[in-house]
Amino acid sequence: MFHDYGWWMMAGPLFWIVVIGVIVYAILNRSRHYPGGPGLPHQEETPLDILKKRYAKGEITRDQYEQMKKDLGY
């Protein structure tokens, strides 16, 4: 039945399935790297996260950290 076309004719559909799969993978993988894309949800920093970073960098003292944390309601 396929002896006139050779093995490459039977591999044609498999080739297109692989090509489409690679394209879908590339689109999904790329969208994860941009905020607001359909990939993983972008999680915003909370005020407490920002405060912790400032304390860790030495921008504020421990007393300031504790007071700001209290002011934020944590």
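Me: What percentage of the 74 residues in the chain do buried residues make up?
Reply: This is a predicted model, and the share is computed from it. A residue counts as buried when its relative accessible area is under 20%. Of the 74 residues in the chain, the buried ones make up 7%.

Me: Which pattern does the chain follow when read along the sequence?
Reply: The chain has 3 helices and 0 strands. With 0 strands, the pattern is written with helices: α-α-α.

Me: How much of the accessible surface of the chain belongs to carbon and sulfur atoms?
Reply: The accessible surface of the chain comes to about 6,900 Å². The part that belongs to carbon and sulfur atoms is 63%.

Me: What accessible area do the residues of the nonpolar patch on the surface have together?
Reply: The patch is formed by Phe15, Trp16, Ile20, Val24 and Leu28. One of these, Ile20, lies in helix α1, which covers residues 7-31. Together the five side chains named here belong to residues with an accessible area of about 530 Å².

Me: Is Ile20 buried or exposed?
Reply: A residue counts as exposed when its relative accessible area is over 50%. The value for Ile20 is 52%, so Ile20 is exposed.

Me: Why is the pair of Phe15 and Trp16 called edge-to-face?
Reply: A search of the whole structure finds 2 aromatic pairs. In the pair of Phe15 and Trp16, the ring centres are 5.1 Å apart. Planes over 60 degrees apart count as edge-to-face. The planes of Phe15 and Trp16 are at 75°, so the pair is edge-to-face.

Me: What kind of pair do the rings of Tyr55 and Tyr65 form?
Reply: The ring centres of Tyr55 and Tyr65 are 4.9 Å apart. Planes under 30 degrees apart count as stacked. The planes here are at 25°, so the pair is stacked.

Me: How many residues apart in sequence are the parts that the pair of Tyr55 and Tyr65 ties together?
Reply: Tyr55 lies in helix α2. Tyr65 lies in helix α3, residues 62-72. The pair therefore ties together parts whose separation in sequence is 10 residues.

Me: What is the N to O distance in the salt bridge of Lys53 and Glu45?
Reply: Side chains of opposite charge can pair when their charged atoms come close. Glu45 lies in the loop between α1 and α2, and Glu45 touches Ile50 as well as Lys53. The side chains of Lys53 and Glu45 meet in a salt bridge with an N to O distance of 2.3 Å.

Me: With which residue does Glu59 form a salt bridge?
Reply: The closest N and O atoms of this pair are 3.2 Å apart. A salt bridge needs them within 4 Å. The partner of Glu59 is Arg54.

Me: In which helix do Glu66 and Arg62 lie?
Reply: Glu66 and Arg62 form a salt bridge, with the closest N and O atoms 3.9 Å apart. They are 4 residues apart, about one turn of the helix. Both lie in helix α3.

Notes:
Residues are numbered from 1 along each chain as its sequence is written. This is a predicted model: local features need pLDDT of at least 70, side-chain atom pairs count only at pLDDT 80 or more; totals for chains, interfaces and linings use all residues. Side-chain values use heavy atoms; hydrogens and water are left out. Patches are made of residues with over 30% relative accessible area and no salt bridge: like charges are joined within 9 Å, nonpolar side chains (Val, Leu, Ile, Met, Phe, Trp, Tyr) within 5 Å. Accessible areas come from the Shrake-Rupley method with a 1.4 Å probe; for residues, only the protein chains shown count as cover. Helices (H or I, at least four residues) and strands (E, at least two) are DSSP runs, numbered from the N terminus. Buried means under 20% relative accessible area, exposed over 50%, partly exposed in between (1.4 Å probe, protein chains only). Contact means heavy atoms within 4.5 Å. Rings of Phe, Tyr and Trp (its six-membered ring) pair if their centres lie within 6.5 Å; planes under 30 degrees apart count as stacked, over 60 as edge-to-face and the rest as tilted. Lists of a residue's contacts leave out its neighbours within four places in sequence.
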